[in-house]
Amino acid sequence: MWASYEPLGLIFLSGIGFSIQSLFIKILSESGFSGSFQLLFLRGFCQMLVSSIFIYRNVLRGDRMKLLGNNSASIALLTISSVLAFSGQALVFTSIE
């Protein structure tokens, strides 16, 4: 039963992580720090690792899924969404800094 809520919980934790990271960047920028892009790349790398672990665990359980969808339209939309989300985070961190 709880497995169906796992994706929603992970999205919630990602939002909490984003808020905490924004707070740290705000605090660090007040002391002269100007490396928000480096922190954004580090967060993206860590999130990729955690996502890979969950995907690998699902594959071990036997859940065969297509990660980017079933057709080229869904792949294009997910790619555009990812690029826009990353750009939005970069702009938010730049504005905080």
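**Exercise 1. Determine what share of the contacts with a separation of 6 or more joins residues 24 or more positions apart.**

Solution. Contacts are heavy atoms within 4.5 Å. Of the contacts in the protein with a separation of 6 or more, 70% are between residues 24 or more positions apart.

The model is predicted: local features need pLDDT of at least 70, side-chain atom pairs count only at pLDDT 80 or more, and totals for chains, interfaces and linings use all residues. Residues are numbered from 1 along each chain as its sequence is written, and side-chain values use heavy atoms, with hydrogens and water left out.

**Exercise 2. State how many helices and strands the protein has.**

Solution. Helices (H or I, at least four residues) and strands (E, at least two) are DSSP runs numbered from the N terminus. The protein has three helices and zero strands, in the sequence pattern α-α-α.

**Exercise 3. Classify Ser29 as buried or exposed, and find the backbone oxygen by its side chain.**

Solution. Step 1: Ser29 lies in helix H1. Step 2: buried means under 20% relative accessible area, exposed over 50%, and partly exposed in between (1.4 Å probe, protein chains only). Step 3: Ser29 has a relative accessible area of 16% and is therefore buried. Step 4: a polar atom of the Ser29 side chain lies 2.9 Å from the backbone oxygen of Lys26.

**Exercise 4. Classify Leu10 by its relative accessible area.**

Solution. Step 1: Leu10 belongs to helix H1 (residues 6-30). Step 2: its relative accessible area is 34%, so Leu10 is partly exposed.

Technical notes:
Polar contact = N/O pair within 3.5 Å; in protein donor to acceptor, adjacent residues only side chain to side chain.
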